[in-house]
Each structure stands twice: as C-alpha cells, then as structure tokens.
Amino acid sequence: MPRKPIENLKSRRKRPKKAKSSEPGQRQVCPCCHAEVTFCWSCRCGFRLCQSCMTENLWGMTCNNTTWDCPDCGEQRSY
Ligand SMILES: [Zn+2]
Ligand SMILES: [Zn+2]
C-alpha cells in the first residue's frame with residue numbers, strides 16, 4: 001500500500017472528528033424545511049434536500065425521474 005505523507009501534515013491541524021456531514025444514519029437538518037432527517041439528497045456544491053422536499057420539488061428538478069438538477073449549481077445528480 002502506498003503511504004500518504006500528506007495525511008501527516010493534515011493531522012497536525014485541529015479538525016472536528018466528523019468531517020463528513022452526510023454519514024448514513026446520522027441526523028441532519030434539511031436546509032429547506034428544517035426538518036430533522038436521516039437522509040438528505042446532496043450535491044457536491046453543498047446543496048441538500050430531504051426526501052420529502054425532493055418529492056415536493058421533483059416536478060421542478062427532474063424531467064425523467066432518474067436525475068435531478070441542483071438548483072444551486074445546475075449539476076445533474078442521479079435520483
Ligand atoms: Zn426538507
Ligand atoms: Zn449543486
């Protein structure tokens with residue numbers, strides 16, 4: 001296995017234990033409806049949407065029910 005010397009540099013900096021905000025089973029707040037949910041649809045730009053918001057807004061975000069467009073960056077994500 002190749003070593004990662006960069007990891008050593010990074011570990012010097014203080015950072016929160018949980019770097020990821022979207023681990024499965026973890027509670028998170030939907031930025032749209034502020035409901036506490038265990039799962040959010042998320043885009044790499046940081047946009048998130050819970051399942052119920054996604055269902056509500058599906059008509060405006062998807063055209064084929066297999067992908068949805070992030071309203072923030074326009075990126076296509078698989079649904
Ligand atoms: Zn929501
Ligand atoms: Zn996005």
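Mentor: Welcome! Before we start, one definition: a residue counts as buried if 20 or more other C-beta atoms lie within 10 Å of its own, as exposed if 12 or fewer do, and as partly exposed in between. Keep in mind that this is a predicted model.

Trainee: Thanks! What percentage of the residues in the protein is buried?

Mentor: The protein has 79 residues in total. Taking the cut-off of 20 or more C-beta atoms within 10 Å, the buried share of the protein comes to 6%.

Trainee: Which element has the highest mean pLDDT, and which the lowest?

Mentor: For background, the protein averages a pLDDT of 81, and 72% of the residues score at least 70. Among the elements, strand β2, residues 36-37, has the highest mean, 95. The lowest mean, 63, belongs to helix α1, residues 5-11.

Trainee: Let's look at L49. Is L49 buried or exposed?

Mentor: L49 sits in strand β4, which spans residues 48-50. Around L49 there are 23 other C-beta atoms within 10 Å. The cut-off is 20 or more, so L49 is buried.

Trainee: Which residues does L49 touch, not counting those up to four places away in sequence?

Mentor: Here a contact needs C-beta atoms within 7 Å. With residues up to four places away in sequence left out, the partners of L49 are C30, C32, C40, W41 and M54.

Trainee: How far is L49 from H34, C-alpha to C-alpha?

Mentor: H34 lies in the loop between β1 and β2, while L49 belongs to strand β4. The two are 15 residues apart along the chain. Their C-alpha atoms are separated by 9.7 Å.

Trainee: And is H34 buried or exposed?

Mentor: H34 has a backbone detail worth a look: its phi is positive, about 60°, although H34 is not a glycine. As for surroundings, H34 has 8 C-beta neighbours inside 10 Å. The limit is 12 or fewer, so H34 counts as exposed.

Trainee: What is the C-alpha to C-alpha distance between N57 and W68?

Mentor: In sequence, N57 and W68 are eleven residues apart. In space, their C-alpha separation is 9.8 Å.

Methods
Residues are numbered from 1 along each chain as its sequence is written. Chains are lettered from A and ligands numbered from 1 in the order in which they are written. This is a predicted model: local features need pLDDT of at least 70, side-chain atom pairs count only at pLDDT 80 or more; totals for chains, interfaces and linings use all residues. Helices (H or I, at least four residues) and strands (E, at least two) are DSSP runs, numbered from the N terminus. Two residues are in contact if their C-beta atoms, placed from the backbone, lie within 7 Å. pLDDT is the predictor's confidence in each residue, from 0 to 100.
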